[in-house]
Amino acid sequence: MKSNLHNWQRLQERDYFGGHPCYHREDGSLNTDADDDKVLERYVRLAEKRRLAVIGCGFGREVAVIAPKVGHVWGIDVTPGILDKAVAFLGGRGIANFTPVLAERWKEDLPGDLDCVYSFIVFQHLTRDLVRDYVLHLPAKLGPTGEVVCQFADLTYGTRDVADDTPHEPCVRWGRADIEALVAESGLHLYHLDRQVIPEHGDWWWAHFGVAGR
């Protein structure tokens, strides 16, 4: 399997979020604002006792707005260091219903019977093989009505694939047909595939799929 996991481990060890302009305000402070709970609520119900996982939780920005609305969140990322930052960031906001999961061990350590798995601005930065590995193994982690909400990108400056030694943040393109084929291969049911136009850059695709037929 072609993987760029080690590249992302190196990027995180070099303080990826601390040095990325997209994660900072004009005054240089870290931008901790997020509306991922609102994004999720377009597709799924967030409620007490629901169990969610976030693929690519980073330092916890997305989890901070999701966790207060659900029972528990498991956050997956590539290094112990970034997961420690997530624990500290969330703990500082009084959020205790969070469990960190190392990406290399997500199949072993992520529990089953999940209500939802969420991912935003992650799949476009992984090799196609790694994305397929996530999606094809998610059914084993979902409960009888489990759902997935994830974002793919089909941006004009992207590449179709990426080598495991890429020394920078890659952008792998996923078109509608690619996403439809992947969900079909997983055996899950595609509920929505919504196009979001990113001016002068291309498209984001929001995919909502799950176990139960509709």
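1. Let's start with strands 1 and 2, which pair in the parallel sense over five bridges (pairing needs at least two DSSP bridges between the strands; strands are DSSP E runs of at least two residues and helices H or I runs of at least four, numbered from the N terminus). Across this pair, isoleucine 55 stands opposite isoleucine 76 of strand 2.

2. A word on the source: this is a predicted model, with local features needing pLDDT of at least 70 and side-chain atom pairs pLDDT 80 or more, while totals for chains, interfaces and linings use all residues. Residues are numbered from 1 along each chain as its sequence is written, and side-chain values use heavy atoms, without hydrogens and water.

3. The whole sheet is open and mixed, with seven strands in the order 3-2-1-4-5-7-6. Its edges are strand 3 (98-102) and strand 6 (189-198), each pairing on one side only.

4. Do look at strand 2: six of its six residues are buried (under 20% relative accessible area, with exposed over 50% and partly exposed in between; 1.4 Å probe, protein chains only). His72, Trp74 and Ile76 point one way, and Val73, Gly75 and Asp77 the other.

5. Strand 2 also pairs with strand 3 in the parallel sense, over five bridges, and glycine 75 faces proline 100 there.

6. On the other flank, strand 1 (residues 51-55) pairs with strand 4 (residues 114-119), again in the parallel sense, over three bridges. Leucine 52 stands opposite cysteine 116 of strand 4.
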